[in-house]
Amino acid sequence: MAKVLVIGSGGREHALCRQFLLSPQVTQVYCAPGNAGMVADGIQLVAATAFAALADFVQQQQIDLTFVGPEMPLQQGIVDYFQARHLLIFGPTQAAAELESSKSFAKALLQEQGIATAAYQEFTDYAAAWTYLQQQTLPQVIKANGLAAGKGVTIVKSLAQGQTVLQDLLQQHQFKTTSVIIEEFLVGEEFSCMAFVAGDQIVPLPLAQDHKAVGAGDTGANTGGMGAYSPLPQMPADLAQQAFDQVLRPTVTGMQQRQRAFNGILYAGLILTTSGIKVIEFNMRFGDPETQVVLPQLTSDFYQLLLDMLAGKKVQPTWQTPRLTLGVVVAAAGYPGAYQQGLPLPDLTHLPVDLTVYYAGVAVKEEHLVSAGGRVFLVATQAADVRTAQQKIYTALDRLPLADFNYRHDIGWHALG
């Protein structure tokens, strides 16, 4: 029987832990550092965060597999460290993780592989960036060239806004940024295409759509994600195959050509434009909140799938059809700006049995869960269609005392025509 360690603390990691627990082979799942909301599922929290302490824990507890959830440990080389100590871990090496951590590296790979993406320029100098922006047709997109927890992208609709963003990034070094990408604004419908990758093998997951903007109708500031749904009934039936052929396969090939072959998750943030699919960004790990609506669709053994891929075996996972999964994030009021922490959570144990709660920014205070982050929890459900799923979730959420919290009431609206 197997033990698994998941690295991370959010709703994505809660979903990963739950999926591992479904495996008949897995007897115990640990999460480092995890969050207090996971404990009710029998997930054991591990306080360690340093690589050496985590690796020591894995050896002492005889953990069979470690899975890395967030981007920061990957960028810092946790996979390389574990591999050097001969510990089984699923995730990209530090060199491969640069596809996410460096937007300039990603853009260069896209160009060299002939993969469609937005036209762009990179800048390290504020004056040069500001001069360039004034010469462009608005809107333009300004991206921090590095990791910014999903918040380093701004759609600039006025020069005044653009000047402020450039000052924040290149003069104030928000997100520790030293360079930015300014790129054309693409018009179309965005979607998330994730895949398991091991060497040559690419195993796509069902497509999903995230809602980054904080407000209804995709308005307001960008967040880490306010909700998601999967699959996407409004999209062309062959869209997943197009994404595989035009983006996933040439990207993996390009990484191999650069001696950056990897095991892990490839996340392609894509947009369907009038001229076809274009790449917005890459991540080298599962998305959050997409994981919470995609991974529960897996009906085969998640643990065995990863073991087989790491062993170089061909895999054929099975996915449930045709039901749709939808998830709504509940955030602290004010997020993604300033928000209060320590807000008491309502009792979520009495929600209808067909609703699932994934905890993210939570802690325990006097034996009760309180908020400890911007995105606090996500409620997901499965239904025959988007409207039915929305009705189930919003009926439940609207009955809860959530005056100090915020959630969008239109997650999935793109699928409603």
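## Residue F51 and the chain around it

F51 sits in helix α2, which spans residues 51-61; helices (H or I, at least four residues) and strands (E, at least two) are DSSP runs, numbered from the N terminus. The model is predicted, so local features need pLDDT of at least 70 and side-chain atom pairs count only at pLDDT 80 or more, while totals for chains, interfaces and linings use all residues. Residues are numbered from 1 along each chain as its sequence is written, and side-chain values use heavy atoms, with hydrogens and water left out.

F51 is buried, at a relative accessible area of 19%; buried means under 20%, exposed over 50%, and partly exposed in between (1.4 Å probe, protein chains only). Neighbours within four places in sequence aside, F51 touches P73, Q76, G77, I78, Y81 and F82, where contact means heavy atoms within 4.5 Å. A221 lies 170 residues from F51 along the chain, and their C-alpha atoms are 34 Å apart.

The chain as a whole holds 12 helices and 23 strands. Its radius of gyration is close to the value from the globule rule for 417 residues, so the chain is as compact as a globular protein of that length. The radius is taken over C-alpha atoms, and the rule is 2.2 Å times the number of residues to the power 0.38.

| Property of the chain | Value |
|---|---|
| Radius of gyration | 21 Å |

Of the 417 residues, 56% count as buried. Among contacts between residues at least 6 apart in sequence, 68% join residues at least 24 apart.
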